[in-house]
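Subject: Structure handover

Hello,

Here is the structure I said I would pass on. Please open it first, then read my notes below.

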Amino acid sequence: MTATIETAAAADIADLRQLYYAVYGPHYPVALGTDPAEMSRLIADPHSLWLVARCPRTGGLAGSAAIRSEAGSRTGKLEGLAVHPDHRAAGLAGTLTEELCARMLDTGRLDSVYATVRTVSTGPQRVVSRNGFRPLGVLPNAVALNSRESLALYARHSDGILDRRLPVPEVPAPLAPLLRTVERSLGISYADTAATAPLPAPAEPTAAPLEMIEAPAFVRRRFRERFPDAAQWFYPLHTPNVLLMPDDGRFEVYAYLNRTGGYCALVAAHPAPADAAAWLEPITRTLTRAGAGYVEALLPLSQHGLLSACLAQGFIPSALYPAMRPEGDGFTDYVVMTRTTEQIDFRGLAVDEPLQPYLDAYVSAWASTYLPTLEVAP
């Protein structure tokens with residue numbers, strides 16, 4: 001079937017919701033395919049692009065995908081890639097992905113586009129791989145659909161962007177296996193980056209209640225006041241909907257919590273991330289009680305102290321995104337630190353060959369964090 005590729009319109013929203021239901025069932029945790037108001041906003045967003053594939057015979061929607069970005073950002077996210085079960089094996093997923101990248105990435109509107117890909121089969125991984133995306137890591141237990149699923153992180157860069165990465169003098173030693181994997185996978189070098197001992201864990205906070213405020217409109221307004229410059233956010237393309245702070249107000253942590261998907265992304269901290277570093281354990285515990293079985297933070301690879309603090313609280317270096325953000329004339333590398341409070345079960349994981357080294361690196365990092373080193377007496 002030769003489908004017609006068109007820009008999504010507000011009139012398509014009802015059919016799009018039916019498409020995502022047909023593909024994912026009632027458990028799809030993303031507003032792009034379930035919330036008409038959010039879908040309408042994305043369709044109208046001048047910084048994003050949503051395409052649909054239409055069956056020429058019936059006019060019905062056969063597929064859908066979008067690249068979402070935001071004002072001032074040079075990074076986009078490939079989202080909502082779905083092909084109706086009746087139209088699979090026609091190459092529509094690849095066609096939609098390539099057309100989106102041609103319009104948003106190859107034209108210079110964006111420097112890179114990333115995607116989080118399901119690992120229940122190798123098909124989604126191969127779709128993005130055939131369209132120039134390369135693996136960057138594995139995010140275990142990242143989302144709850146029919147069951148708790150792991151995702152893979154992939155990205156595609158514009159030509160020359162990876163050559164403009166800013167140097168990183170040192171990283172905590174537990175990140176070294178991930179760096180070596182990225183070197184082999186992407187053909188870039190961290191030869192000048194020293195792997196040094198993590199910094200000592202921050203002193204545990206004195207007993208003080210931690211409050212979580214769930215008032216999305218208020219949180220968004222306060223967040224915009226605190227962070228008018230997006231460069232201060234940990235995580236782009238995530239609008240926080242919860243605010244965590246101790247009773248004395250010494251810091252504020254902004255996060256995006258998705259209860260349907262059972263995950264949370266830490267977005268930013270005020271006045272500075274270091275002020276909340278010692279509180280990572282109670283922050284994670286509070287979010288876990290709120291329904292987040294998986295918590296992640298996206299941090300600059302150069303922030304040795306913050307990465308050390310995450311490592312001390314059981315976060316695992318799970319993915320590395322080289323040249324993610326522009327900084328002056330160069331680009332900053334970022335690392336995804338993750339923590340899951342639920343049992344990880346890799347038995348149902350389907351991993352394509354290029355992704356396997358990242359899974360091996362994660363398992364090694366997890367084991368060194370959570371398994372004791374046994375000493376054998378002579």
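The notes below go from the whole chain to single residues.

This is a predicted model, in which local features need pLDDT of at least 70, side-chain atom pairs count only at pLDDT 80 or more, and totals for chains, interfaces and linings use all residues. Residues are numbered from 1 along each chain as its sequence is written, and side-chain values use heavy atoms, with hydrogens and water left out.

**Whole chain**

The chain holds 10 helices and 16 strands. Both are DSSP runs, numbered from the N terminus: helices are H or I with at least four residues, strands are E with at least two. The radius of gyration is 21 Å, close to the 21 Å that the globule rule gives for 378 residues, so the chain is as compact as a globular protein of that length. That radius is taken over C-alpha atoms, and the rule is 2.2 Å times the number of residues to the power 0.38. Along its principal axes, the C-alpha trace spans about 70 × 45 × 45 Å.

Of the 378 residues, 52% are buried. Buried means under 20% relative accessible area, exposed means over 50%, and partly exposed lies in between (1.4 Å probe, protein chains only). The chain exposes about 16700 Å², and carbon and sulfur atoms supply 51% of that. These areas come from the Shrake-Rupley method with a 1.4 Å probe; for residues, only the protein chains shown count as cover.

Take contacts between residues at least 6 apart in sequence: 68% of them join residues at least 24 apart. Contact means heavy atoms within 4.5 Å.

The chain has 32 positive and 39 negative charges, and their mean positions are 4 Å apart. Lys and Arg count as positive, Asp and Glu as negative; His and the chain ends are not counted. Each charge is placed at NZ of Lys, CZ of Arg, CG of Asp or CD of Glu.

**Cores**

In soluble globular proteins, nonpolar side chains tend to be buried together. A nonpolar core here is a set of buried Ala, Val, Leu, Ile, Met, Phe, Trp, Tyr and Cys residues joined through side-chain atoms within 4.5 Å. The largest one has 96 residues, and Leu 266, Ile 283 and Leu 301 have the most contacts inside it. Helix α3 (residues 92–104) gives the most to this core, with six residues. A second, separate core has 17 residues, including Ile 13, Leu 32, Met 39 and Val 52.

Look at Leu 301 in particular. Leaving out residues up to four places away in sequence, its contacts include Val 168, Leu 179, Tyr 190, Leu 320 and Tyr 334.

**Backbone exceptions**

Most residues other than glycine have a negative phi, and most peptide bonds are trans.

- The peptide bond from His 270 to Pro 271 is cis, with omega near 5°. Pro 271 lies in the loop between β13 (263–270) and α7 (273–276).
- Asn 141 has a positive phi, near 60°. Asn 141 sits in strand β6 (residues 134–144) and is buried, with a relative accessible area of 2%.
- Ala 323 has a positive phi too, near 50°. Ala 323 sits in strand β15 (residues 316–327) and is buried, at 0%.

**Around Asn 141**

Which residues does Glu 149 touch? Not counting residues up to four places away in sequence, they are Arg 118, Val 120, Asn 141, Ala 142 and Val 143. Glu 149 belongs to strand β7 (residues 148–157) and counts as buried, because its relative accessibility is 7%.

Thr 340 is in strand β16 (residues 330–340). At 17% relative accessibility, Thr 340 counts as buried.

**Two loop residues**

Is Thr 107 buried or exposed? Thr 107 counts as exposed, because its relative accessibility is 51%. Thr 107 is in the loop between α3 and β5 (112–118). Thr 107 and Ser 158 are 51 residues apart in sequence and 9.1 Å apart in space, C-alpha to C-alpha.

Gly 60 is in the loop between β2 (49–54) and β3 (61–68). At 28% relative accessibility, Gly 60 counts as partly exposed. Gly 60 touches Ala 53, Arg 54 and Cys 55, not counting residues up to four places away in sequence.

Best wishes
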